Amino acid sequence: MEMALTGTFLDIRSSNESTIHPANGLLLHALQSFSGNTYMVQSILASGDYTTEPYCRLLQCWASELEKDAEMMCQGEKGRKYIFLMNNIYDVLQMMRRQGATFADVGLLSRLDSMIQRYKKSYFDECWVPLMSICRLNLDKFTAEFLATCDNQRTWKVTAQLRYELRQEIVDLTVPSYGLSLSALHANQSWFSAVLCSLKRVTAGKKKQKRYTGEELAQKIRGLFEG
């Protein structure tokens, strides 16, 4: 069963973050077969070779195959491989629910959820957390990079439940901190210093960066992942 999972083929050239990996169906079939073979399960548990759930090796092989193809498909694109990985885990969870899978016990579902949380953290650490350090130091630079990130990810295709979760968590991470930084800037900036700052920008020939409100940032985030 493990060899079948590692032998799947994904056409990297025609794939994107929404592509459903062919290994997903094989994983479900392998889990179903494994679950239905009581003798095999009892033999594995009796051998003492497995220190965790007997499904662990199958999930590891499947995840390894997904991660390998994600790396090849999303080279140089921040965060996109994690969207691909989370989309595919959600696909497996949905297939389990549709089929009323008898093997979908608490341990297996918990492991899949743990994988989603791990990939989600990696996505945030790569795409959004670095922006918050900039936000505390330079609002103009933060705004420029925030808008660039939103423009880049606006057309990414993300499954409905994950799309809602990611949008809300991005709002929760960015908007409050941005609001605090904006308030601090207004509080510390006198009318005179604001005029001088504006004059310097004009004489330097630089276009002034628009100051967005927190709600305007949230609106940008709600436009993400429309695919």
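User: Leaving aside neighbours within four places in sequence, which residues is Leu224 in contact with?

Analyst: This is a predicted model, in which local features need pLDDT of at least 70 and side-chain atom pairs count only at pLDDT 80 or more, while totals for chains, interfaces and linings use all residues. Residues are numbered from 1 along each chain as its sequence is written, and side-chain values use heavy atoms, with hydrogens and water left out. Contact means heavy atoms within 4.5 Å. On that basis, the partners of Leu224 are Trp128, Cys150, Gln153, Arg154, Arg163, Arg167 and Ile170.

User: Is Leu224 buried or exposed?

Analyst: The terms rest on relative accessible area: buried is under 20%, exposed over 50%, and partly exposed in between (1.4 Å probe, protein chains only). Leu224 has a relative accessibility of 0%, so Leu224 counts as buried.

User: How far apart are Leu224 and Thr149 in space?

Analyst: In sequence, Leu224 and Thr149 are 75 residues apart. From C-alpha to C-alpha, their separation in space is 9.6 Å.

User: Which residues does Asn88 touch, not counting residues up to four places away in sequence?

Analyst: Asn88 is buried, with a relative accessible area of 0%. A polar atom of the Asn88 side chain lies 2.9 Å from the backbone oxygen of Phe84. Beyond the excluded neighbours, Asn88 touches Thr19, Ile20, His21, Asn24, Trp62 and Leu66.

Technical notes:
Polar contact = N/O pair within 3.5 Å; in protein donor to acceptor, adjacent residues only side chain to side chain.
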